[in-house]
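Hi,

Here is the structure I said I would pass on.

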Amino acid sequence: MSTISTHLRNFKEPTKEQLTQLFFSLPIEPQTSEIQNNGKEKETKGSNEELERMEISAMLTLGVQGVEEPAQGKLYLIPPYLCFASHDRKSVRFTVPLCTIRRVERLNARAGVYALGLSLWHQMKIVVQLTSLRPTADLFCSLLRDALKAELQRGQMKLVKGFVKSCYSEILVAAGEEKEGEAKVEDPSPDSPDYMYLGGLGLKFKFPGDPKKLREASKTKLWTTYLKAHGRNLTLLRYPQCTRLVQVGLPNRLRGEMWETLSGSIYLRFSNPGAYERILEENKGRISTSTEEIEKDLHRSLPEYSAYQTEEGIGALRRVLQAYSFKNPETGYCQAMNILAAAILIYMAEEQAFWLLEVICDRLLPGYYSPSMHGTLLDQRVFESLVHKCLPIIHEHFQAVDVQLSVASLPWFLSLFINSMPMVFAFRIIDCFFCMGPKVLFQVALAILKINGEQLLQIQDDGGFIHLMRDYFASLGDSAHPASPDPRARAITRFQELLLVSFREFAVITDETILTERRKFRGEVVHSIESFSKRAAIRNLKTLERFTKDQAGLIYDALFKAICIIPPPATALPPPPLLTTKETAEERPETRIGLRTFKVFLSEICTWARSEKIVSNGFQQRVDREVAEHELIDRLFYFWDTSFRGTLSFQDIVSGLDGVMFNDLMENIEWFFNLHDKNKDGFLTRDEVLTLSESLLFIFRFEIGDAYLGAVSRFMSNAFEYGDALLPHPEGHDPEKDAPPQIESNQPYMNLATFRMVVLADEILESFFETDFSGTFRLEPVPMMEIPNSSSGIFGGLWSNITSDDNRKIFNKFTDEIGKSIGKHQVFHRPAIGKFTTLEEPKARESLLTPTMRRTASKASLKTPESPTDSSSEKSRPSESSLLTVDQGSTSTTSLASSMYSPMPSMFQAAANAAALMERTPFAIDDAKDDEDDSDLDSEIEDDGVMDEVDAFLEEHDSGVTDAERELAKDLINAEPVK
Amino acid sequence: MADAASGSTDRSVQVKLVLLGEAAVGKSSVVLRFVSNEFQANKEPTIGAAFLTQKCRLEDRVLRYEIWDTAGQERFHSLAPMYYRNAQAAVVVYDVTKASSLEKAKTWVKELQRQANPNIVIALAGNKIDLVQPSPSSSSPSSDAEDEADDATATPGEGAAEGGESLRQVPRDEAEAYAQEAGLLFFETSAKTGEGIVEIFTEIAKKIPIDQILASSRGGANRAGVAGGRTGGQQEGGVNLEENTAKGKDGCNC
């Protein structure tokens, strides 16, 4: 009664290219839904993919003098985007869609200097000096030209104008220009004709927090200035000032748009116009598990915010969550997404929120909300490891009192602090999160623990931990230094202190740290999720039958491996709604495997369901295992499919195996009989007797020597002899004289008693059914499949399997052979039973049936001249030898071992150890000094202290630019374009 | 906070209790009814688990329940062990109007019996019986606000007004028989009317091996809140719900 998921195995480390895209917040995959809906788009997008990417060293200069220092870094052409990042990867960067580039010109500057002047939308000019060798620079230029041309052809350029109108920043800057000289920037009236921009529920229902306390006006003014000079929305250039302004908190009206811009979701919205509405339209009225779960939570998402007490707010929330679940059916809906969506909808319109949610779930918090929540579990593990490294004393104490960090920290990460601390503070963390990436969550979480370090060492249990954290969060608005004589220090709130500790002391936590740590623990987390679902699957079995829990575990392992190799059909159809209600069918999804997966599974635990070739070449031996194909295996599959659904559940398999693995002689004979009695009437037909013999031959196909072959042949002759003899004779006929009655091959022919008698007449068959047959089913530990990035070889256990007692004899035999012809390649089939190990002179093995005869046997009845004779063994012998040989000859066939069994090179995990994490800079709240000039600050806003706070985040940014370069950059700004 | 971390009463015993069950069966409502004896709009959406505390008097002892109210969504299942770890008691909730919720409850019981603390006291609670009681007038008179709050988590489309046995999908006998067989305490409850809620916690309190906990807990110094020295309740079984509610609000339920 549970699902078996192997998708965690499919995780691939992001490539370097993907990491770059991730860094620049670019969409990683083309929006598939979009492509399906628009054929024309598909073509043009296709051509985009052909456009080459390139990166080149460059120096970026802003077209307006004196605003920013030139920055050394790298320019990336990733059509349809142009990106730049300074060498330190954080101080200066931008991502601009190519379609916002209005003009590119080669600048006429000093000899040997290769510079391009780019005019961007928003009347911005930037200069990039390509500092590579000339041919490289030329190549870059030509690629850029091609990419721009493609964008022009796509008609993207035309879209920019309409799109930017949806952005509040445009209105902000325009208003700022109108009221040039006026000190106070007022928000444009919502009634003005310019009111086109997208906004959130906050516009109508008020934003959380007191605008005065939040110093909205000053922040807005600072942003207006910044956005004017550095571009905005699609063309925003991010200089250190941008990050600092984000760190002091975004102004409410601008917040939604800045989240979009900083997280990169704006590019998704830009390149998928109308997609949100379309998804909703196409799925109108659709009901799924996700939509039902969403309904339950709508009224539980930030219920204290007034908009969510109205249908307007609830409706928006419903649409955004549903649209996401329709677009991403695998993730669907996870609790906590409701809180995120509710939070971001305060600041942005539905369409914006939809794309932002997409970026959060896909890119920023990968796997957090998936059905297994593996991303959440992984990051909790990473967090624990970081606490261990950075705050060892706290870690030790938590270990000592057996408190799990996650009881408190899980919701921090899962809902971005929104339901942990007062919303105004959570939103400021979220500002930073979108600007600086997921590492922010770790930095803040570590800072929380560090700040509360002393009290944390007093806690004794989970409850105490939770209480302490609650009290701390409730006090975030208080002064961090209430007793300080310095009014400036007193003014610092505990929340400001938290951010300062986060970004100063835990600046060592970088994106790389997180990546490395995730890599380190992924295997462990995947393993624990898998073993959890294994335990659950076993626990949820209706019956274990006669198996122990451990044995059921072995069955599960084999099944799991088979599912890894051949995944079952994507969605097993729910059972016909005869007995179960639709509800239950949907809520208890169950993994059921098809025939192909079953074959792999059976090959794991049943010796005759696989063909194993032991290959020796004089230097090494290996076993190539193949999944066998035979009608017997199909038969077994349908035999176990007791509910006739064409698929098997874990329970079906356990019950099925139970039916064969614990049998004694008589039970085995009966089981085998029933397996071949298709219509379950208690009689085998002649055809079925033949099929049964074939099954036996299949099982014995690799046995050494002739013993089994002889046994089957005796079985057949006896079977037909007894069978015919026991047939009811028409009255008046003398059984001695008359030919046996003619009987159709599909008529009832042999009952169990007769079958039993025939089997017991043969010593070899008797012993086969007594012990050997059950013994061909072996529950052995399945070597665990490789979990991505763990270090053991894929089938590390296989070698030890070979040398198990069972097979050692065969091996000894073979070392002799190897001795004879050293270095010679040899292939040997491992027998399914392996009872007889004397290898006689290889001679042609005889089979009872030719392929032609099989056909006749199944179609025509056995009235054919061969069988209805007095069938003595004398007679049948010769006829056998005339038949084709099978099997032993196949040793020479070069069937390929399926590649999945070939050992993969074991991956050695880089033992990346961030020792640097241990270094901690002293807590320095008070020396938040002004490293850089703040002289041109508006005197008016000085007194409300925004800039004090901004300055607190100042860091030394070494742009790595020499004076000479600075000089050159200045020249370039004024340089004339080349004619 | 201070009382939580340091205060101690010799007689008070801390009991960790976890609530499990399918989504929307009313786990949070049960807890809210017990802790504050009223409904409110859900202030705290359950992410992972909500944490609440409530004191409870049993004869001369004060029990301090530390309640972990877990998220019901299936995908949070793998997080549950974190919360039922070391729990001394569990309340597994199902919805009497939804047969599948009892099935889910059974899997929880199985899981607890195999994975959790071996001495864990498990109670099975069939919630929302107000929906299946023949006369809707039986609901408490002062429940306007409560109705609204309850509906927040109630399955949409199920109105209390059209109550009646027809909505019931889980017969009392069946669930009770199962509970007996599995060795569980059994209750049918309504978080909306308050019916049966206190009894769950009282019966659990009686069944908990208090002395054992006292002996094994760290030096007997349980972090309990202010001494619960008030006595005299109308409730049977020694639980003084009214008093506890008041205390819960200013003392623990922070």
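Before the notes, one term: a residue counts as buried if 20 or more other C-beta atoms lie within 10 Å of its own. Also keep in mind that this is a predicted model.

Let's start with helix H25 of chain A, which covers residues 494–505. It has 12 residues and reaches 16 Å from its first C-alpha to its last, close to the 16 Å expected at 1.5 Å a residue. By the cut-off above, 10 of the 12 residues in H25(A) are buried, so the helix is mostly covered. Among the buried ones are Phe495(A), Leu498(A), Leu499(A) and Phe503(A), and you'll also find Arg504(A) and Glu505(A) on that list.

Now on to chain B. Its secondary structure comes to 9 helices and 6 strands, and buried residues make up 53% of its 254 residues. If you take the contacts in chain B with a separation of 6 or more, 78% are between residues 24 or more positions apart.

The strand to look for is E3(B), residues 61–70. Because 9 of its 10 residues are buried, E3(B) is largely enclosed by the rest of the structure. What does it pair with? Strand E1(B), residues 12–21, runs parallel to E3(B) and is joined to it by 8 bridges; there, Val18(B) stands opposite Trp68(B). Strand E2(B), residues 49–58, pairs with E3(B) in the antiparallel sense over 10 bridges, and Ala50(B) has Asp69(B) as its bridge partner. E2(B) and E3(B) also form a hairpin with 2 residues between them. In that turn, Glu59(B) has a positive phi of about 50°.

Cheers

Notes. Residues are numbered from 1 along each chain as its sequence is written. Chains are lettered from A and ligands numbered from 1 in the order in which they are written. This is a predicted model: local features need pLDDT of at least 70, side-chain atom pairs count only at pLDDT 80 or more; totals for chains, interfaces and linings use all residues. Helices (H or I, at least four residues) and strands (E, at least two) are DSSP runs, numbered from the N terminus. The expected span of a helix is 1.5 Å times one less than its number of residues. Two residues are in contact if their C-beta atoms, placed from the backbone, lie within 7 Å. Two strands pair if DSSP finds at least two bridges between them.
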